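These are my notebook entries on a structure that I had not examined before. I set down what I looked up, entry by entry.

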Amino acid sequence: MRFLRSFRLAGRLPRVLGAAVGVGVCVGLLVALFEQVVVEVMLERLFELPLWQQALGPLVGLCAAAILLRVVGGRGTTPATSDEYIKAFHERSPRLPLRQLPAKLLAGAATIGCGGALGMEGPSIFAGASLAHNLQRVLGRFLRREEIQMLLTAGAAAGVAAIFRAPATGVIFALEAPYRDDVTRRALLPSLVASAVSFLMFAVVLGDTSPVFPGLGGDLRTLAIVDLLGGALLGVTAGLGGRGFSALVRWAKALPGRVGPVGRIVAMGGLLCGLAFATNALFGSPLSLGPGVRSAEWVLDVPRGVWLIVALFGIRIVATLATVVAGGTGGLFIPLAVQGVLMGTVVGVLLDQTETGLYPTLGLAAFLGAGYRAPIAAVMFVAESSQGSAFVVPALVAAAVAQLVAGRASVSSHQAAERLGHLERRFMLPITSVLRTDVLTVPPDATISELMTMHVLGRREREVAVVDGRHYIGMCGLDQIGDLPRSEWESTTVRDMVAVDLPVANPSWTLRDAVAAMDKADVEMLAVVTADGTFVGLVLEDDILKLDEILEETGG
C-alpha cells in the first residue's frame, strides 16, 4: 500500500496538471484553425496573385488589423502578443480580457496572411496565455498566485508547441521567455503536459508534423574542431546582430506612441509595397512578404551569391521593423530565426563550408537565442527542426557565445533579469499594498490644542497629516510642537508649526522606494501625494515590516 501511495501526486499539483490538459486541448485546436486560415486560406492565395496585388497586401492587412483591434478588442487593445504573456507573468493581477483573444487572432491573421513580416507564434502564444488566464479566473479560488504563473507558462508552451510542431521547444521557450538570465523552473511539469497535449491535438486535426524549416539539416560530416570554432565565430556575429536588431525592435515598438496610426500605416504600408517590388526584381520573388520561411527556403535551395544574401538580410530587417511600426500583430520568433539562417549562410559561404546545412542551422540558434534571450529553446528548435543530433553541439557553442556578446539586449519589453527571492519580491510590491487611505487629517487653521486633544492624546498619533481641503501641506506632531509652551496651544495654529520639508511618496512607488525615503529622512511615516499635491493617504514603517501580512492581503 505504501508503494502504491508513492505514485500519488503530492499537494495541489493534480489540479494544476488537470487545468494544463484542458489548456493544451483548447490551444491545440485553436492554433490549428489559426494556421489553416493564415497559411492555406490567405498566404497561399496571396502568392498566386499578380505582383502589384501582392505588394498592396501588407497595406490592406495592416489597415484591417488596426480596425479589428479597435472594434473587436475594444479601446486600449494593443497589437502586442508575446510581450503580453511576459507582462502578465510578472504582474500580480494580470488582465487578459477574453474579448482580446479573437481580436488579436484576427488581427494576426490579417497582418501575416496579407504579407506582413511577422511570425504566427505571437498570436499563438497569446492564445495560450489568454485561455490559461481566463481558465484561472474560473478556477481562481482553487489556485494560488504561483500556480497562476505556472498555468500561464503552460498556455504559452502549448501555443509554441502547436504552431512550430516542436513540443520540446514550446516548453523551454515558455520557461525562458519571462527572464533574461533565468527560467521558470516550477512550471516545467504543467508546461510539459500542456505542450504535449497541444501538439497532439494539432497533429490530429491537421495531420502535419513537418518542421517549420524543412531545408535545414541533411547529412553532416563527422564534427571537427573547425565546426566548433565556426560556431563560436558565428556566435560573435549573431550576438552583435541580435543586439542591434533588438535595439531596432524596441525603437519600433516605442514609435507608435509618438506618431498617429493613419500616417504610420500608410507610410509603412507604402514601404512594404516598395520592398515587395524590389525583392521581386532582385530575387525573382517578393521575399519581403510573409514571416520569412520562403526566404529561408530560397537561400537553402541552391548556392547564392553573398551580396544577394546580405541584401535579403537587410531587406527582411526593414520589412519586420516596418510591420512593427505600423502596428501589425504577430511574433518575432520566426523573423529572428530567418535572420539567423541568412547570417549563417553568409558565414558558411565566406568560410567555404557550404556542403551541409550546418552554418544556416548554427546561425538560426545563435541569432534567435540572442534576440529573445532564450538560448536553450533556440538549440532545441534546431534539434527538432533539423532532425539531427549532430547539429546540437556546435549550436550550443554558437548560442552560448551569442548570449555573451548580446549582453542584456532583448526584443521583449517586459523580461526581468532573473527570479527574485522572497524578500526582494516583497519589496517590489506597490506602495498601495500598505497604503492607509482612511486616516484622519488636521486642517491648517486648527489650534495646537485641538491637535493634541483629538489626535496625539485621543488617538495616540505621534504625527498627523496637515491637509487643506484635498491639498497636502505637511506633517505636524510631537516633533514640531515639543518645545511649544502649554500656554500657547490655544493661540497657535497648526499652520504655524507644520513641517513642510519632509519627504512624500508617489502612488506609483514600490515598497523599496518608500523604505529608502524613510531611511534617508529618518522618519517612520510617509504621506502619499499625487503630482498635483492631492493627499492620498499614509504609509507607516510598521506596516511595511509586516511583510507576511502584506503578501497575504495582496494575494501573495
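**Entry 1: C114.** I began with C114, which touches M42, L46, G57, P58, G61 and A109, leaving aside residues up to four places away in sequence; a contact means heavy atoms within 4.5 Å. I located C114 in the loop between α5 (100–113) and α6 (121–138). Helices (H or I, at least four residues) and strands (E, at least two) are DSSP runs, numbered from the N terminus. C114 counts as buried because its relative accessibility is 17%, the cut-offs being under 20% relative accessible area for buried, over 50% for exposed and partly exposed in between (1.4 Å probe, protein chains only).

**Entry 2: basis of the model.** I noted that this is a predicted model, in which local features need pLDDT of at least 70 and side-chain atom pairs count only at pLDDT 80 or more, while totals for chains, interfaces and linings use all residues. Residues are numbered from 1 along each chain as its sequence is written, and side-chain values use heavy atoms, with hydrogens and water left out.

**Entry 3: confidence.** I looked up pLDDT, the predictor's confidence in each residue, from 0 to 100. The protein chain averages 83, and 87% of the residues score at least 70. Over residues 3–11 the pLDDT stays under 50, and the model has 2 contacts beyond four places in sequence for them. Residues 550–556 also have a pLDDT below 50; this stretch has 18 contacts in the model beyond near neighbours in sequence.

**Entry 4: the whole chain.** I recorded 24 helices and 5 strands in the protein chain. Of its 556 residues, 53% count as buried. Among contacts between residues at least 6 apart in sequence, 77% join residues at least 24 apart.

**Entry 5: cysteines.** How many disulfides does the rule give? The count comes to 0, where a disulfide is a pair of cysteine sulfur atoms within 2.5 Å. C273 is buried, with a relative accessible area of 17%, and C476 is buried at 0%.

**Entry 6: the second largest pocket.** I took the volume of the second largest pocket as about 790 Å³. On a 1 Å grid over the protein atoms alone, a pocket is an open set of points where a 1.4 Å probe fits, with protein on both sides within 12 Å along at least five of seven lines; lining residues have an atom within 4 Å of a point. Grid points are joined across faces, edges and corners, and a volume is the space filled by probe spheres set on the points. The second largest pocket is lined by 32 residues, of which T78, P79, A80, P256 and G327 lie nearest its centre. Which helices each supply at least two residues of this lining? They include α3 (51–71), α4 (82–90), α10 (225–254) and α11 (261–283). By class I noted 14 nonpolar, 13 polar and 5 charged residues in the lining. Here Ala, Val, Leu, Ile, Met, Phe, Trp, Tyr, Cys and Pro count as nonpolar, Asp, Glu, Lys and Arg as charged, and the others, Gly among them, as polar.

**Entry 7: helix α4.** I returned to α4, which is largely enclosed by the rest of the structure, because 7 of its 9 residues are buried. The buried residues of α4 are S82, D83, E84, Y85, I86, A88 and F89.

**Entry 8: V299.** I found V299 in helix α12 (residues 293–301). V299 is buried, with a relative accessible area of 5%. Beyond residues up to four places away in sequence, V299 touches R304, I309, V341, L342 and T345. V299 and I309 are 10 residues apart in sequence and 7.2 Å apart in space, C-alpha to C-alpha.

**Entry 9: D543.** I placed D543 in helix α23 (residues 541–545). Is D543 buried or exposed? D543 counts as buried, at 12% relative accessibility. Its C-alpha atom is separated by 9.4 Å from that of R436, 107 residues apart along the chain.

**Entry 10: two positive phi values.** I looked up R460, a residue other than glycine with a positive phi, near 60°. R460 is in the loop between α19 (448–457) and β1 (463–468) and counts as exposed, at 76% relative accessibility. Phi of D522 is near 55°, again a positive value in a residue other than glycine. D522 is in the loop between α22 (511–521) and β4 (525–529), and its relative accessibility of 71% counts as exposed.
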